[in-house]
Amino acid sequence: AVWPTGHRSAVYQVCIDIPSEVYDVESRFWAQVMGASIEVLPARPEFSWLRGQRQFALDVLLQRLDETRGEVTAHLDLGTNDRSAEVARHVALGATQLVNEQFWATMRDPTGLVYCITGRDPATGRLVAANK
């Protein structure tokens, strides 16, 4: 979507949040379900992609949580070419910004659902570190 400020955003991935104690079992399960391989991100080993032989409708990211136990959950990641504008748009709609990292902002919607806004430009698919 292109918003009135001129920036773009789109949902591009689902992130499966996995407690570290069950990470190996859970990640293997989803890889088998989706007929995919697991690609660990060398710079951030707590994150892995599921990569299929063909493109999935949404990318699937596996996140190893610091917590050892707990429920496996999932959240959506939105990408934008202007993270500051997209965060401000969500805040104006009732969301709260929880964290601001180099590549993403963690948000909470008005009823408590946590999700992320990343600097992944929907037009190019490229991830940019800057807040814009």
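Arg89 lies over the face of Trp3, at 3.5 Å from the ring centre; a charge is taken to sit over a ring if NZ of Lys or CZ of Arg is within 6 Å of the ring centre and within 35 degrees of the ring normal. The model is a predicted one, in which local features need pLDDT of at least 70 and side-chain atom pairs count only at pLDDT 80 or more, while totals for chains, interfaces and linings use all residues. Residues are numbered from 1 along each chain as its sequence is written, and side-chain values use heavy atoms, with hydrogens and water left out.

A salt bridge joins Arg89 to Glu86, with the closest N and O atoms 2.9 Å apart; the term covers a side-chain nitrogen of Lys or Arg within 4 Å of a carboxyl oxygen of Asp or Glu. Both residues belong to helix H2 (residues 83-92), where a spacing of 3 residues separates them by about one helical turn. Helices (H or I, at least four residues) and strands (E, at least two) are DSSP runs, numbered from the N terminus. Glu86 is buried, with a relative accessible area of 0%, whereas Arg89 is partly exposed at 22%. Here buried means under 20% relative accessible area, exposed over 50%, and partly exposed in between, for a 1.4 Å probe and protein chains only.

Side chains of opposite charge can pair when their charged atoms come close. The count of salt bridges in this model comes to 5. One of them links Asp121 with Arg8, again with the closest N and O atoms 2.9 Å apart. Asp121 lies in the segment after strand E8 (114-118) and Arg8 in the segment before E1, so this pair ties together parts that are 113 residues apart in sequence. Asp121 is buried, its relative accessible area being 14%, and Arg8 is partly exposed at 26%. In another salt bridge, the side chains of Arg44 and Glu46 meet at 2.7 Å, N to O. Arg44 has a relative accessibility of 32% and counts as partly exposed; Glu46, at 24%, is likewise partly exposed.

Turning to the strands, the model contains an open sheet of 8 strands with mixed pairing, in the order E2-E3-E4-E1-E5-E8-E7-E6. Two strands pair if DSSP finds at least two bridges between them. Strand E2 (36-40) and strand E6 (96-100) stand at the edges with a single partner strand each, so one side of each is left without a neighbour in the sheet. From one strand to the next, the twist averages 30 degrees; axes are lines fitted to C-alpha atoms, for helices over the stretch in contact, and angles run from 0 to 180 degrees between N-to-C directions.

Within this sheet, strand E1 (residues 9-19) and strand E4 (residues 59-65) pair in the parallel sense over 7 bridges, and Ile18 stands opposite Arg64 in E4. Helix H1 (residues 23-34) packs on the sheet, where it touches E1, E2, strand E3 (47-52) and E4, and its direction makes about 170 degrees with that of E4. Contact means heavy atoms within 4.5 Å.

Ser37 has Arg51 in E3 as its bridge partner. Together, E2 and E3 form a hairpin with 6 residues between them. Ala43 is found in the loop between these two strands and, at 72% relative accessibility, counts as exposed. The C-alpha atoms of Ala43 and Gln32 are separated by 25 Å, although the two residues are 11 residues apart along the chain.

The structure also holds 2 aromatic pairs. The rings of Phe29 and Trp30 have centres 5.1 Å apart and planes at 80 degrees, so this pair is edge-to-face. Rings of Phe, Tyr and Trp (its six-membered ring) pair if their centres lie within 6.5 Å, and planes under 30 degrees apart count as stacked, over 60 as edge-to-face and the rest as tilted. Phe29 is partly exposed at 42% relative accessible area, as is Trp30 at 28%. Phe47 and Trp104 form an edge-to-face pair as well, with 5.8 Å centre to centre and 80 degrees between the planes. Phe47 lies in strand E3 and Trp104 in strand E7 (residues 104-108), so the pair ties together parts that are 57 residues apart in sequence. Both Phe47 and Trp104 are buried.
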